Amino acid sequence: MTQAPTVAAAEQSGEMSHREVLEALSGLLLAMFVAMLSSTIVSNALPTIVDDLEGSQTGYTWVVVATMLAMTATTPIWGKFADLFDKLLLVQSALVIFSVGSLIAGFAPSMEVLIGARVVQGLGVGGLTALVQVVIATMVSPRERGRYSGYIGAVFALATVSGPLVGGVLVDTVGWRWCFFAGLPVAALAFVVLQKTLRLPVVRREVSIDYLGAFLLVGGVSILLIWVSLGGQDFDWISWTSGLLVVGAVAVIAAAIHVEANVATDPVIPLRLFKDRTLTLATVASVLIGVAMFGSTVYLSLYFQRAKDMSPTEAGLMSICMVGGLLVSSILSGRIITATGLWKRWLVGGMVLVIAGIALLATIDASTSLWHTGAYMAVLGLGLGATMQNLVLAVQNTIALSDMGAGSSVVAFFRSLGGSIGIAALGAVLAHQVADAVESGLARLLAAHPEHAGSVGHDTGSIPDVSGLPAPVRAIFESAFGDATGHIFLVALPFAVGALVAVLFIREVPLRTSVKREDELMAEAPRG
């Protein structure tokens, strides 16, 4: 499907006019909104879901990890498809897959079915996450992308703010299952809008899909995440099971690298891209940011509901603090980068604020005031808003248009991989620390007050509704969740510092003013 640009400049460069970009962007932003909403809308519902389906702390973690795992493993595959097939068809396919997963999740009768449905959702979210960035990069030059990144930041902020709020209200009124049904109308609307507005040329070329590389990549990442999430709980870190999983993950990932480097004609992740210094450093930073950001912030909702005894709706209101900072910094940095063409200072400044925010949140416990916690979240949000979009922008500025899908998805893949590892590992740390603290606290309580023996028969690995517990027992659980949440931010801090180091070594290259690189334009120029 092609459409002739209406502006002479756009016609010469192959780019779309501002009006065409905004029309197409409306559908893309709806798709991004539904992808973000899928994770944020259930954040405050998870404690209720786990209670209703009789799950555990491990189940809580896996409801989040399942989506991240599927999204992470398939992001580079979607990105590679974007370089080969019709991008409109791919985005719409991702929306359909997401919708099917949402329906299954909404009717899930058990934690096992819910986790499986979240995997299906993750397949769709992986496509939407990768493809929206790729399509925007295909439509708009890096220099002009800043003016549109503000819209992306606004949608990200809206989904992150409204998700927990809407999810909390739904849980408190009609029930948690509607958290999964709520995204379906938005997905349907995005499908229709994209059909009417997105017109991109389809590049027809010989296609050789790297099925073996994709299979090995998904398998290796999956084994690694299973080890990280279950280690220390279902088996000891030093055990035969742990050793077999580590060896298996390393072997499968090594086989994937071999296939990508020596066997595949059209690899899912072209290793030659890592010759580019910017992409390599951005990849390292993305992994570390993923661990620090996703791994720690996903448990803030649990902190508010279990350490502060807040309702899902009230916990959702607290997320405004972080997202407000993210919204301000993403829009402001995008506008200024478009005006000046300078981007590295925003990456560095953003990472400094991320480190400051995580360090401050590492000090929270059950007694920390909400005012202080909200201020710390706002600092973290300011840093993330200046960092996340601009890291992708730095990569897209250096890679060729023909590799835009693969290159953009590599950054998203490694950020999601870091996030999946962070959620799983820090979730294991949280569960272990809470169980130990509750066990020792209950033992002290029984020693001092034997009359409470009938009220402490709780599984220390479960997530109880603290509001229904006797006051002495509730205080033990609140203290355990509060201390453990601060501890996981402390564990995340070194990863954020590592990301800053990687960002410092990224060389600033002026943003190009065309979708294609200069060497690509010269190759296409008529020879006279």
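Helix α15 (residues 344–361) and helix α16 (residues 370–396) cross at roughly 150°, and their axes come within 7 Å, which makes α15 roughly antiparallel to α16 (angles over 145 degrees count as roughly antiparallel). This is a predicted model, in which local features need pLDDT of at least 70 and side-chain atom pairs count only at pLDDT 80 or more, while totals for chains, interfaces and linings use all residues. Residues are numbered from 1 along each chain as its sequence is written, and side-chain values use heavy atoms, with hydrogens and water left out.

**Helix α15 with α16**
- The crossing of α15 and α16 is left-handed, a term for a near helix turned anticlockwise from the far one by less than a right angle.
- By class, the contact of α15 with α16 has 17 nonpolar, 6 polar and no charged residues, where Ala, Val, Leu, Ile, Met, Phe, Trp, Tyr, Cys and Pro count as nonpolar, Asp, Glu, Lys and Arg as charged, and the others, Gly among them, as polar.

**Helix α15 with α18**
- The axes of α15 and helix α18 (residues 471–504) come within 8 Å and cross at roughly 165°, and the two helices are therefore roughly antiparallel to each other.
- The crossing of α15 and α18 is also left-handed, and the contact includes Lys344, Val348 and Ile355 of α15 together with Gly486, Phe489 and Leu493 of α18.
- Sorted by class, the contact of α15 with α18 has 18 nonpolar, 1 polar and 1 charged residues.

**Helix α5 with α6**
- Helix α5 (residues 87–106) packs against helix α6 (residues 111–139) at an angle of about 155°, with the axes 8 Å apart, and that makes α5 roughly antiparallel to α6.
- α5 passes α6 in a left-handed crossing, and their contact has 18 nonpolar, 6 polar and 1 charged residues.

**The second largest pocket**
- The second largest pocket has a volume of about 260 Å³; on a 1 Å grid, a pocket is an open set of points where a 1.4 Å probe fits, with protein on both sides within 12 Å along at least five of seven lines, and lining residues have an atom within 4 Å of a point.
- Of the 14 residues that line this pocket, Leu217, Ile253, Ile257, Ile269 and Phe414 are the closest to its centre.
- At least two lining residues each come from α10 (211–230), α11 (240–263) and α17 (404–448), and the lining divides into 12 nonpolar, 1 polar and 1 charged residues.

Definitions and conventions: Axes are lines fitted to C-alpha atoms, for helices over the stretch in contact, and angles run from 0 to 180 degrees between N-to-C directions. Helices (H or I, at least four residues) and strands (E, at least two) are DSSP runs, numbered from the N terminus. Angles under 35 degrees count as roughly parallel, over 145 as roughly antiparallel, 65 to 115 as roughly perpendicular and the rest as oblique. Grid points are joined across faces, edges and corners, and a volume is the space filled by probe spheres set on the points. Contact means heavy atoms within 4.5 Å.
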